[in-house]
Amino acid sequence: MAQPQSKKIFFENLSGAGKAIAVLTSGGDAQGMNAAVRAVVRMGLYVGAKVYFIHEGYQGMVDGGENIEEASWESVSSMLQVGGTVIGSARCKEFRSHEGRLKAAHNLVQQGITNLCVIGGDGSLTGANLFREEWSGLLTELVEQGLIEADAVQKYSALHIVGMVGSIDNDFCGTDMTIGTDSALHRIIEVVDAIMTTAQSHQRTFVLEVMGRHCGYLALVSALACGADWVLIPEMPPEDGWEDKMCEKLSATRSRGTRLNIIIVAEGAIDRHGKPITSGIVKDLVVKCLGFDTRVTILGHVQRGGTPSAFDRILASRMGVEAVLALLETTANTPACVVSLCGNQSVRLPLMECVQMTQEVQRAMDGKRFEEAVKLRGRSFENNLKTYKLLAHRKPESELPISNFNVAVLNVGAPSAGMNAAVRSAVRVGISEGHKMFAVSDGFEGFSKGQIKEIKWADVGGWTGQGGSLLGTKRTLPAKHVDKIAEQMREHNINALLIVGGFEAFLSLLELLTARGKYDEFCVPMVMVPATVSNNVPGSDLSIGADTALNAITATCDRIKQSASGTKRRVFIIETMGGYCGYLASVGGLAAGADAAYIYEEPFDIRDLQANVEHLTEKMKTSIQRGLVLRNENCNENYTTDFIYQLYSEEGRGVFDSRKNVLGHMQQGGAPSPFDRNFGTKISAKAMQWVTKKLVETFRQGRVFANTEDTCCLLGMRGRALVFQPVVQLKGETDFVHRIPKEQWWLKLRPLMKILAKYKTSYDVSDSGQLEHVVRNRPRESDASVAM
């Protein structure tokens, strides 16, 4: 498909004048729905349209009256961090009838509404599409009944629908992640992490039941993220005799010294014959066969509650803005679409194609075509399942391939949450591929001192939930100790290197590549997996640890803003990490609802600072009581955090007062988020599979000899795919002085933050405006892709 041409939409020439947009939430609630509602309202108002809330979903549309309320800019303030949906959601039997839809059409026409943004699941979106198809007929009936004027049929001739999927189950085909899924995973992982401490104390087995009546995504990803011993999901029921295999696995795990077992069961789990497998059945089985002290925890609606994660806020904000753009560009012949996420890009897909694909999954499961059901769920789901099987179930020694290759794993640079999950994944995949795995402590400094030891399967048990770097990490680059490192490579016969780290790891690979000319020991496959909270590694849109840091920033900003509730008007100046990279400040600002974010990549001067103060002063004269300003630590050597704080304090005198906070190293600490655990696990597994492939390709005459550019790579996420890129080719994309990529995708999100903060700005929509089609997942035999 041809790439869309880059174009910019300006406040002056993007007009929704004369249009009325209504937003509703329907079906089950999901964290992040409020962020989507906020984005729709503010983007709609920004382009000059009238925007309406429809309270209580379709029931409110049928009942009309006060349920359809015009929205203002201030009416969506302070709702970004609130879970659930503040405009209400209700299941509506009446809307399923023709008479109910006739009432709904009448209520919309009375307000002049012909643009609907529906946030819900496949049932809600299917209902919206039916409503759209019947629209002209409904208007004709209303004229015949004398309820509307005849000219209204022409004036409101077409109903335009755009959907956003809000569902914690992530059960909608066509999108990688639905609004609410990441937050639900946060709730599950918080519980699992807490349970693991008590389970270890008493040597217990815990059976956790999570939501997912028809979709096992939550169960599967939480099992991957916490390293569960067994998982049961509806899409892939266990083979007959699973009871004995599961008990053997649990017993073997205990025999290796592990003090606990975790089993995760989706509420819709079944066996091959369609018989339900409940958490109670699993508990009774473990007690009967093994005699283990076993407890059941059913998470229930805890998974729907709580504050939305940073990922869900950003996803919902991006989707809400995209939904308004789609409504503005739609015509009478445009099919109803759903705005969706594919990799790291927003896309528009025909709504009914997605619904039909989702229904196909259920038909495949009903027909016991489970392999087909997994494929229909999409590339992301299938790879989650493959990766879980690879890491959770150890093959007997007799079944492992014998490669005679030694692979070393090390961390380089500053610690980041998720590094340990990446190392665990690399070690276990390497062992499964038949390699002997070696762990290097304290980066290249430890390498030069011989701090290298073999690491076994059981040694990395329980690593996924650990923050920091259990191997130890240093910023030291290899050039300083290249002789000694070469000696250690020779002594331990290291045939490949896998490095998990940030910008220092990238520089290290470049140095090792140069050293190949002098030392044959470095003529081996080398690959880097990006891991840094700063997200400043060239060649990758995302780095392991950045999501955890964003959640730390977002949670802290929420608390700081809450501290001002009930007080006089107050602005908070908050400093974030990132070196010269403004990712954390910009994306954290979007997630926290900031009014401004100062970064190095977007130069600013005293006039910009003054304009921001004046903008906040105007906002403070309304009902908005709190302001939030983020500053990247190295955005400007003169406009320091203290300077900006003092400027705001002085210029805002009499209107608002100011406070400042430096978040510091709390952004690097804490347990990794579900996203970072999952991302680290899958990207590292793919990196190790690449290592195996290169080892086989470069093994000649009894030794490994790899001296081409494509044997020294960085594995990064680019748009919709994970891509191996020779590090030498990334040199031209890198600003080495400021340690950032020359082009960064997230800069496109900055205007979005400004729009939602009521600034007039331009918005680049080069990635928007093209309706794509749902593509069936047809994986090739050799496809080792680990899509997000």
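Two strands count as paired if DSSP finds at least two bridges between them, and strands themselves are DSSP runs (E, at least two residues), just as helices are runs of H or I of at least four, with numbering from the N terminus. By that rule β20 (residues 596-598) and β21 are partners, running parallel with 3 bridges between them. Keep in mind that this is a predicted model, where local features need pLDDT of at least 70, side-chain atom pairs count only at pLDDT 80 or more, and totals for chains, interfaces and linings use all residues. Residues are numbered from 1 along each chain as its sequence is written, and side-chain values use heavy atoms, with hydrogens and water left out.

**Overall build**

- The protein has 24 helices and 29 strands.
- Its radius of gyration is 27 Å, close to the 28 Å from the globule rule for 788 residues, so the protein is as compact as a globular protein of that length. That radius is taken over C-alpha atoms, and the rule is 2.2 Å times the number of residues to the power 0.38.
- Along the principal axes, the C-alpha atoms fill a box of roughly 90 × 70 × 50 Å.
- Of the 788 residues, 62% count as buried, where buried means under 20% relative accessible area, exposed over 50%, and partly exposed in between (1.4 Å probe, protein chains only).
- Take the contacts (heavy atoms within 4.5 Å) between residues at least 6 apart in sequence: 79% of them join residues at least 24 apart.

**Around strand β21**

- β21 spans residues 626-632 and is mostly covered, with 6 of its 7 residues buried.
- β19 (residues 570-576) pairs with β21 in the parallel sense over 7 bridges, and in that pairing Phe572 stands opposite Leu628.

**Cavities**

- There are 4 cavities of 30 Å³ or more. On a 1 Å grid over the protein atoms alone, a cavity is a set of points where a 1.4 Å probe fits but cannot get out, and lining residues have an atom within 4 Å of a point. Grid points are joined across faces, edges and corners, and a volume is the space filled by probe spheres set on the points.
- The largest cavity has a volume of about 380 Å³. Of its 30 lining residues, Phe311, Leu341, Asn344, Leu542 and Phe675 are the closest to its centre.
- Elements giving two or more residues to that lining include α10 (310-329), α19 (583-592) and α22 (674-698).
- By class, the lining of the largest cavity has 19 nonpolar, 6 polar and 5 charged residues. Here Ala, Val, Leu, Ile, Met, Phe, Trp, Tyr, Cys and Pro count as nonpolar, Asp, Glu, Lys and Arg as charged, and the others, Gly among them, as polar.
- The second largest cavity comes in at about 50 Å³, and its lining has 7 nonpolar, 3 polar and no charged residues.
- Among the lining residues are Leu315, Met319, Val339, Ser340 and Leu341.

**Tyr583 up close**

- Tyr583 lies in helix α19 and is buried, at a relative accessible area of 4%.
- Leaving aside neighbours within four places in sequence, Tyr583 touches Ser534, Asn535, Leu542, Ala546, Leu550, Gly588, Trp745 and Trp746.
- Gln744 is 161 residues away along the chain, yet its C-alpha atom and that of Tyr583 are separated by 8.8 Å.

Definitions and conventions: On a 1 Å grid over the protein atoms alone, a cavity is a set of points where a 1.4 Å probe fits but cannot get out, and a pocket is an open set with protein on both sides within 12 Å along at least five of seven lines; lining residues have an atom within 4 Å of a point.
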